[in-house]
Amino acid sequence: MSNDVAGDSGGDDSRPVVYDLAPNCTLSDVSVGDRYHATVNGVVDYGVFVDVSDDVSGLVHESNMDGERFAVGDRLIVELTELKENGDVAFDLVDPTDYRTEAVEHDPELTPTTDLRVGETVTIRGEVVQIKQTGGPTLLHVADETGIAACAAFAGAGVRAYPDVAVDDVVRIRGEAESHGDTVQIEIDDLTILDGEAAADARSEIAAERAERAEPADVSPLVEWEAFEELHDELVEVARLLRETVLEGRPIRIRHHADGDGMCAAIPVQQALEAFLAEVHGTEDAARHRLKRLPSKAPFYEMEDVTRDLNFALEGQARHGQKLPFLLMLDNGSTEEDVPAYKNLAHYDVPIAVVDHHHPDPEAVDPLLDAHVNPYLHGLDYAVTTGMMCVELARLIHPGITDDLRHVPAVAGLSDRSDAAAMDDYLDLAAEEGYDREDLTAVGEALDYAAHWLRYKDGEVVVSDALNVGCDDEARHEELVEFLSTRAERDVAEQLDAVRPHVESERLDSGVRFHRVDLERFAHRFTYPAPGKTTGELHDELVREHQEPVITVGYGPDFAVLRSDGVRLDIPQMVSELNEELPGAGVSGGGHLVVGSIKFVKGRREQVIDALVEKMGDAALDEDLSAAAVED
C-alpha cells in the first residue's frame with residue numbers, strides 16, 4: 001500500500017482508514033475487515049453490487065442497508081466482510097463520520113518470463129525492447145531480469161495497440177500465457193506504463209539481476225597457457241558484454257575475416273550466442289532476426305560493408321521495431337583503416353567490440369570501441385590467433401558447446417601458420433577428438449575454399465559442417481572436407497603451375513631471397529585461389545625449396561600481397577612511410593610481421609613496388625619468424 005494521501009476531514013492519524021484502490025487492484029490487494037471507497041455498478045432486489053476496483057466487485061446485501069436506496073454510479077464506503085472460496089465477495093455498508101483515505105497501488109505477484117506456463121494468467125514487468133506491428137496484432141517484446149517474453153495485443157487488423165508505448169519504456173503487463181509455435185506468448189489483457197519512482201525502481205532491480213545473469217561461465221581455458229591469461233580476462237569482459245546485449249534485447253551483428261582463422265573465430269561465437277538467445281527468449285528460432293554473421297573480404301572494415309550493415313540495421317529497426325545492433329568484429333577491425341567505418345556507426349551510437357590478432361592501431365580505434373582484445377596489446381603477436389581466442393569467448397558465453405570446439409583452435413593455428421607456444425597442446429587436444437595434423441589442415445583448406453566461393457554470404461550450414469561445429473552428421477562432415485579440400489588442392493596446383501615460370505628472383509643486400517610475380521598477367525583470375533592465397537602458397541613452396549630467409553610479393557594493377565619468412569617486416573610501418581614518401585599514391589593496408597597486403601593508385605604501381613622492395617631490403621632478419629622452423 002502507498003503512503004497516505006489527503007483525507008476527507010480533519011483529525012489525527014488515529015482516525016480510521018478508508019482505502020482507495022487503483023483500478024487494476026485485485027483480490028490480492030484487499031483484506032477482510034478493511035474499508036474501501038466503492039461505486040455502485042448494479043441494483044437488485046436483494047441489495048447492490050459495488051466495485052472497489054476494476055477487478056474486485058461484491059454484494060452489499062439489503063439486510064445491511066437499513067432501507068437505504070442507491071442508483072448505479074453512487075459512491076459509498078464499504079467494509080469487506082467475507083472472501084468466499086468460490087470467489088464471491090461480501091461487503092457491509094458503513095458510514096464513518098471521520099476518516100482518512102489511503103491510496104492503494106496494485107502490487108501484483110510478478111512471474112519471471114522464464115517461468116511462463118501455458119494457460120496461466122500472469123503479470124510480468126520489464127523494459128520494452130521491441131515493438132512490431134503485424135497485419136494483425138501488435139507484438140511487444142519485454143525483457144525482465146530473467147529473459148524476454150513476446151506479448152500480443154489486438155486493436156484491429158494492422159492497428160497499433162497501446163500507441164503510447166515506446167521502446168525502452170518500463171511496463172507491467174497482465175494476460176494469459178498461450179502457446180504460439182514453439183514458444184509461450186502473453187495475450188495482453190492490461191498494460192500499464194510505469195513512470196517516476198516506480199519506473200526507476202524497476203529499472204534498478206532489472207539492471208542488478210540482469211548484470212548477475214550476464215556474468216560469464218566460470219570455465220578454464222582448454223589448455224594451460226600462461227601468456228594467454230591476460231587475454232582471457234579481457235575475453236571474460238567481452239563475454240559479459242555480449243550476454244548483457246542478448247538480455248537487453250539488442251541484436252548482434254558479427255563481421256569476420258573470410259579465411260580459415262576468421263571462420264574458426266566466428267562460428268563458435270555464433271553458435272554460443274544462438275544457444276544463449278534460445279535460452280533467453282524460450283525459442284530455438286530466437287536468433288533468426290537477432291543475430292547475423294557475415295564475412296569481410298578485405299583485411300579491414302570497408303565502407304561498403306559498414307554501409308550495408310547500417311542500412312540492414314535501420315531497415316530492421318523500421319520493420320521489426322528493433323534496437324540498432326551491437327557490432328562484433330572478429331579477426332579484423334584493429335587498424336586505422338577501420339576508423340572511417342567506425343565513425344559512420346558512431347552517428348547512430350552503435351556499440352562495437354573487436355577481437356583480432358592483426359597488428360593494431362589502438363590510438364586510432366580504441367576511442368571508438370567498447371572493447372578491444374588483441375595479443376599485441378599485451379606484448380604478444382599474431383601467433384595467438386583469433387580462432388584460439390574466440391573458442392574461449394564462445395565457451396564463456398555458453399559452455400555447453402565446449403565438446404564441439406576442442407579441435408577448433410588447432411584448425412585456426414594451422415590455418416594461420418601459428419607458432420604459438422600452445423600449438424602442440426592444441427594439436428594433442430584435437431588428436432583426442434580423432435583429428436591428426438593432416439585432418440586439421442584439410443579442414444582449414446576446406447574452410448578457405450568455401451569462403452572464397454561464398455564471397456559475401458555466410459554459408460552457415462556448409463561452413464558449420466566443414467568445421468564440424470554444430471554438425472549433426474559426422475559422415476557428411478568428413479565427405480564435405482574431403483571434397484572441398486581436394487578441389488582446393490587441385491586448384492592451387494593449377495595456379496602455381498601458371499605463375500611459377502614467371503617468378504622473378506633476386507638477392508637483396510641483406511642476403512634475403514626476394515621473389516615477385518605479376519598476378520594480373522600470369523595467374524588465373526576470378527577463381528580459386530585468390531591473389532592472397534596464391535602468393536602464400538607460392539611463398540611456402542619457395543621457403544621449402546631454399547630453406548633460408550625469403551620474401552615473396554604477388555602484385556596486380558593496384559595491390560600487392562606480401563609474405564616473408566625469417567624477415568621482420570613491419571608492414572603497418574611501411575604503409576605509413578610510403579604514404580609520406582609518395583603523396584597521392586593512396587597507399588593503404590596492413591597485416592602482421594610476416595604477412596600483409598597493400599593497395600595503391602594504379603598509375604603509381606611501379607613507384608610503390610620499387611619503394612617497397614627498398615624497404616624490404618633494409619628489414620632485419622629474424623629466425624623466430626621462420627615458417628620453415630614451425631613446419632619442422
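Is phenylalanine 228 buried or exposed? Select it: phenylalanine 228 is buried, with a relative accessible area of 3%. Keep in mind throughout that this is a predicted model.

**Stop 1: the rings around Phe228**

Now show Tyr426. Ring pairs link Trp225, Phe228 and Tyr426 into a cluster.

**Stop 2: Glu392**

Stay with Phe228 and look for glutamate 392, one of whose contacts is that phenylalanine. Beyond its neighbours within four places in sequence, glutamate 392 also touches Ser220, Pro221, Leu222, His232 and Leu235. This glutamate sits in helix α7, residues 386–397. Its relative accessibility is 0%, so glutamate 392 counts as buried. Display its side chain together with that of arginine 395: a polar contact of 2.7 Å joins the two.

**Stop 3: helix α3**

Select residues 260–281. This is helix α3, with 22 residues. From first C-alpha to last, α3 reaches 31 Å, close to the 32 Å expected at 1.5 Å a residue. Step past its end to glycine 282, which follows α3 and has a positive phi, near 75 degrees.

**Stop 4: the nonpolar cores**

Centre on Val269. The largest nonpolar core has 96 residues, and Val269 and Leu393 touch the most other members. Helix α3 gives the most to this core, with eleven residues. Sequence neighbours within four places aside, valine 269 is in contact with Ile254, Leu328, Leu330, Cys390, Leu393, Ala394 and Ile397. Then move to Val512, Val575, Leu582 and Val608. These are among the 26 residues of another core, which lies apart from the largest one.

**Stop 5: cysteines**

Cysteine 390 counts as buried, at 0% relative accessibility. Cysteine 151 is buried as well, also with 0%.

**Stop 6: one more ring pair**

The whole structure holds seven aromatic pairs. Finish at tyrosine 46 and phenylalanine 49. Their ring centres are 6.3 Å apart and their planes at 85 degrees, so this pair is edge-to-face. Tyrosine 46 is partly exposed, at 40% relative accessibility. Phenylalanine 49 is partly exposed, at 29%.

Key:
Residues numbered from 1 in each chain as written. Predicted model: local features only at pLDDT ≥ 70, side-chain atom pairs only at ≥ 80, totals over all residues. Heavy atoms only, no water. Helix = DSSP H or I, 4+ residues; strand = E, 2+ residues; numbered from the N terminus. Expected span 1.5 Å × (residues − 1). Core = buried A, V, L, I, M, F, W, Y, C linked by side-chain atoms within 4.5 Å. Buried < 20%, exposed > 50% of the residue type's maximum accessible area, 1.4 Å probe, protein only. Contact = heavy atoms within 4.5 Å. Polar contact = N/O pair within 3.5 Å; in protein donor to acceptor, adjacent residues only side chain to side chain. Phe/Tyr/Trp six-rings, centres within 6.5 Å; stacked < 30°, edge-to-face > 60°.
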